[in-house]
Amino acid sequence: MLHRAPIAVASSGRQLRHAGRIATVLAALLLCTPLSTRTALAAPPPGPISLSPDVFAVLGGTAVGHQEVVVDDGMGGVTPVALGPLPAEADVTGYHVAPNGDRLFSLDIDVALPGPTEVEPRDVVRYDGASYSLAFDGSTAGVPDGAAVDAVSMTGAGDLLLSFDTTVVLPAAGGGSLTVDDEDLVSFDGSGFTLVLDGSAAGIPASLDVDGVEDLGGGSYALSFDGSGSIGGVSFDDGDVVEYDSGTSTWTLVYDGSAAGLADGTNADAIAVPEPSVPALLLPGLAALFALARRRQRVAARLPSRPACGTAFP
């Protein structure tokens with residue numbers, strides 16, 4: 001794998017150079033932007049997030065079934081995600097995009113998918129864009145019958161990161177057993193499970209179930225729940241996504257489902273938060289500033305001439 005490193009470094013260098021040019025343009029525009037406007041623009045819109053509702057919903061003008069996943073770009077655009085021919089009666093309960101682009105997801109009912117691939121709610125399906133396979137066989141892994149996977153992600157080490165819809169006793173990595181509640185997160189290394197996040201210790205009420213997760217790295221996790229609540233001073237509904245930083249024990253609202261258009265009571269029960277590139281991070285702010293510049297130009301055209309921005313006065 002070492003031969004790929006120079007390519008990655010070169011790509012990062014190009015991204016940084018592009019980011020530098022964009023930053024220069026941003027700085028030039030900011031010089032002519034009032035401080036009050038700069039403050040209003042300081043908080044960028046939320047980045048893209050993938051989600052699946054637990055019922056039929058309309059998001060950004062796009063109809064979304066509970067067997068579907070869409071990407072909300074945070075700026076009003078909603079794009080469907082291809083998961084193949086899933087039956088309409090199935091609900092996608094967990095979702096993650098693997099580093100190679102494969103889509104991992106769980107379903108709430110037993111389903112026979114083309115392949116053939118028999119899927120139970122305790123399994124995780126892999127879809128490579130053409131065919132299905134099992135990324136995680138819950139029965140073989142020791143997940144008891146009747147329990148369901150309802151949140152799917154991957155750790156930085158490449159292990160599956162899971163949550164279940166009920167309390168389960170699982171085989172622990174290294175031997176023995178591990179009792180896991182529905183607000184906990186566990187990793188699976190192919191042979192056993194390890195507790196990654198103790199939900200109750202993090203302040204998650206026992207009445208809430210983690211039903212969506214994304215490992216953000218560095219001990220931070222994006223989480224969605226099956227109900228409304230308040231943790232660490234942050235209030236949320238079941239259509240929202242919050243971030244928990246285990247290093248600082250702080251909570252932050254990162255996606256407001258109702259503001260995005262989800263109807264009250266609609267649960268975002270499967271989420272994925274992609275890591276944006278440097279240009280993607282700068283694009284929303286750049287677009288907003290260009291729009292501001294155009295508005296300033298239109299206003300200036302209707303006003304008497306004035307000194308240019310930066311002109312020195314005696």
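Guide: Before we start, a contact here means heavy atoms within 4.5 Å of each other. With that in hand, 45% of the contacts between residues at least 6 apart in sequence join residues at least 24 apart. Keep in mind that this is a predicted model.

Visitor: What makes up the chain in terms of helices and strands?

Guide: There are 5 helices and 24 strands. Of the 314 residues, 39% are buried. The chain exposes about 15,700 Å², and carbon and sulfur atoms supply 57% of that area.

Visitor: Why is the pair of phenylalanine 105 and tyrosine 132 called edge-to-face?

Guide: Two tests, then. Rings pair if their centres lie within 6.5 Å, and planes over 60 degrees apart count as edge-to-face. For phenylalanine 105 and tyrosine 132 the centres are 6.4 Å apart and the planes stand at 80°, so the pair is edge-to-face. Phenylalanine 105 belongs to strand β7 and tyrosine 132 to strand β11, 27 residues apart, and the pair links distant parts of the chain. Both phenylalanine 105 and tyrosine 132 are buried.

Visitor: And what makes phenylalanine 164 and phenylalanine 193 count as a pair, and of which kind?

Guide: Run the tests again: their ring centres are 6.4 Å apart and their planes meet at 70°, so this pair is edge-to-face too. Phenylalanine 164 sits in strand β13 and phenylalanine 193 in strand β17, 29 residues apart. Phenylalanine 164 and phenylalanine 193 are both buried.

Visitor: How many aromatic pairs does that rule give, and which rings form a cluster?

Guide: The count comes to 9 aromatic pairs. Ring pairs link Phe136, Phe164, Phe188 and Phe193 into a cluster.

Visitor: What makes a set of residues a nonpolar core, and which members touch the most others in the largest one?

Guide: The residues have to be buried, come from the listed nonpolar types and be joined through side-chain atoms within 4.5 Å. The largest such core has 21 residues, and Phe136, Leu160, Leu162, Phe164, Leu170, Val186 and Phe193 touch the most other members. Strands β12, β13, β14, β15 and β16 each supply at least two residues of this core. Apart from it lies another core, of 18 residues, including Leu185, Ile204, Val210 and Tyr244.

Visitor: Which way do the side chains of β16 point?

Guide: Leu185 and Ser187 point one way and Val186 and Phe188 the other way, and all of them are buried.

Visitor: How do you know that β16 pairs with β13 and with β17?

Guide: Two strands pair if there are at least two bridges between them. β13 and β16 have 3 bridges, running antiparallel, and β16 and β17 are joined by 4, again antiparallel. For particular positions, leucine 162 stands opposite valine 186, the bridge partner of leucine 161 is serine 187, and leucine 185 stands opposite leucine 197 in β17.

Visitor: Why are β18 and β23 called edge strands in their sheet?

Guide: That open sheet has 4 strands in the order β18-β19-β22-β23, paired antiparallel. β18 and β23 each have a single partner strand, so one side of each is left without a neighbour in the sheet. Here the neighbouring strands are turned by 25° on average, direction ignored. Inside the sheet, 4 bridges join β19 to β22, and alanine 222 stands opposite glutamate 243.

Visitor: What makes serine 249 and proline 116 worth a look?

Guide: Most residues other than glycine have a negative phi, and most peptide bonds are trans. Serine 249 has a positive phi of about 55° although it is not a glycine, and it lies in the loop between β22 and β23. The peptide bond from glycine 115 to proline 116 is cis, with omega near -5°. Proline 116 is in the loop between β8 and β9.

Key:
Residues numbered from 1 in each chain as written. Heavy atoms only, no water. Buried < 20%, exposed > 50% of the residue type's maximum accessible area, 1.4 Å probe, protein only. Areas by Shrake-Rupley, 256 points an atom, 1.4 Å probe, with all protein chains shown as cover. Axes fitted to C-alpha atoms, helices over the stretch in contact; angles between N-to-C directions. Phe/Tyr/Trp six-rings, centres within 6.5 Å; stacked < 30°, edge-to-face > 60°.
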